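Please keep the sequence and the structure in view while reading.

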Amino acid sequence: MHFSIYAVVILSVGRLRGAKPEEQDMDAEIRDAIEELTESNNHIQMQLNLIQSELEKQSKAIEQMEEHAEDTNDKLETILEQSQEANQKSLEFINELRNNLREITAKINEIAGRNQPNSPVGRFGEPNPSGYSYPKSCADHNSNYCEDETCRIKISRFSTEFLVPCEYDMNGDGWTIVQKRYNGSVDFHRNWVDYKSGFGNVHGEFWIGLDKLHVLTTTQGRQELLVVLENYHGDTKYARYDAFEVGPKSQRYKLKLGAYKGDAGDSLRYHENAGFHTKDNDETKECVKKYKGGWWYKNCLRTNPNGIYYRTEKALFPGTGIYWRSFVDADESLKAIRMMIRPKDP
């Protein structure tokens, strides 16, 4: 731009040397205009230089802010991870205290029960009515021992009867519920003794116990299994197996399954022939430690019905919630699940 202005000046001066008076006046005006344009150009150039300097300062400031934001984000992520680990350790400690308290309570009740009469009772806590026999499951419904959604049953190898939750289909056929979760009121990260004996409340969250499962599935003919699952969007799906058997303690209550049908997906199939494992009796590659439940783990899981109960869909760590791989993603947890059995129709 400077070159163009100087060229005009040189040409104008050349004309002035041989010009007439009137032409000289005109050239003088042109020269004045050129000088004004030159000054304006210099002023504009100064403004551009100032703007460029400010932009460079702002660019450096933005870079510094971005670097600070990245550093702050890294620190926040580190704090969040440490907080999650601390929360998990606190939860494990609390659960351990609860389990110890339950064991102490069970021992106290056992000692106290030695001095109590061991008389069979009916559905209202009365002595066993003469001429009636206890049902063997909810499918063997007996109005003397079954009411609402429970039955008092008696099975072989157990000296006393016990209550179980029941569910009845449209035909009135009864299913014996062996596992139920829906609100997180019962801790399922339990020890081997608890999973063997059973825990929970027949009117709430519940685990029937591996010893009872073994007898129910090996002494009363072929049993079928129905698993009903619900996510946090209100979607309900099911998985049904036409055979379900739990082996003896010597086989770690080995799981066997029949043919599948349903819309939840056959994720339980992965666990077939696996033994049962708990936090204090785990022969897997730390599956219980990683996934926080008692289950037929292999290496490690496709389902985790006894995992942590999360009160939202999001699981803190993948697979640790109530998980069914063919229904939900690993970082999700189900809202409710119930497992039930009944004799398979011939």
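Which residue lies over the face of Tyr 270, at 4.1 Å from the ring centre? The residue is Arg 302. A charge is said to sit over a ring if NZ of Lys or CZ of Arg is within 6 Å of the ring centre and within 35 degrees of the ring normal. Tyr 270 also has the charged end of Lys 298 over its ring, 5.6 Å from the centre.

The model is predicted: local features need pLDDT of at least 70, side-chain atom pairs count only at pLDDT 80 or more, and totals for chains, interfaces and linings use all residues. Residues are numbered from 1 along each chain as its sequence is written, and side-chain values use heavy atoms, with hydrogens and water left out.

We turn next to pairs of rings. Rings of Phe, Tyr and Trp (its six-membered ring) pair if their centres lie within 6.5 Å; planes under 30 degrees apart count as stacked, over 60 as edge-to-face and the rest as tilted. By this rule there are 12 aromatic pairs. One of them joins Phe 188 and Phe 199 edge-to-face, with 5.0 Å from centre to centre and 75° between the planes. Phe 188 belongs to the loop between β4 (174–181) and α3 (192–197), and Phe 199 to strand β5 (residues 199–200), so this pair ties together parts that are 11 residues apart in sequence. Helices (H or I, at least four residues) and strands (E, at least two) are DSSP runs, numbered from the N terminus.

Phe 188 is buried because its relative accessibility is 1%, and Phe 199 is buried at 6%.

Another pair consists of Trp 207 and Phe 276; the ring centres are 5.9 Å apart and the planes meet at 35°, so the pair is tilted. Trp 207 lies in strand β6 (residues 206–207) and Phe 276 in the loop between β11 (260–262) and α5 (287–291), so parts that are 69 residues apart in sequence are tied together. Trp 207 is buried, with a relative accessible area of 1%, and Phe 276 is buried at 0%. Ring pairs link Phe 188, Phe 199, Trp 207 and Phe 276 into a cluster that also includes Tyr 195, Trp 295 and Trp 296.

Definitions and conventions: Buried means under 20% relative accessible area, exposed over 50%, partly exposed in between (1.4 Å probe, protein chains only).
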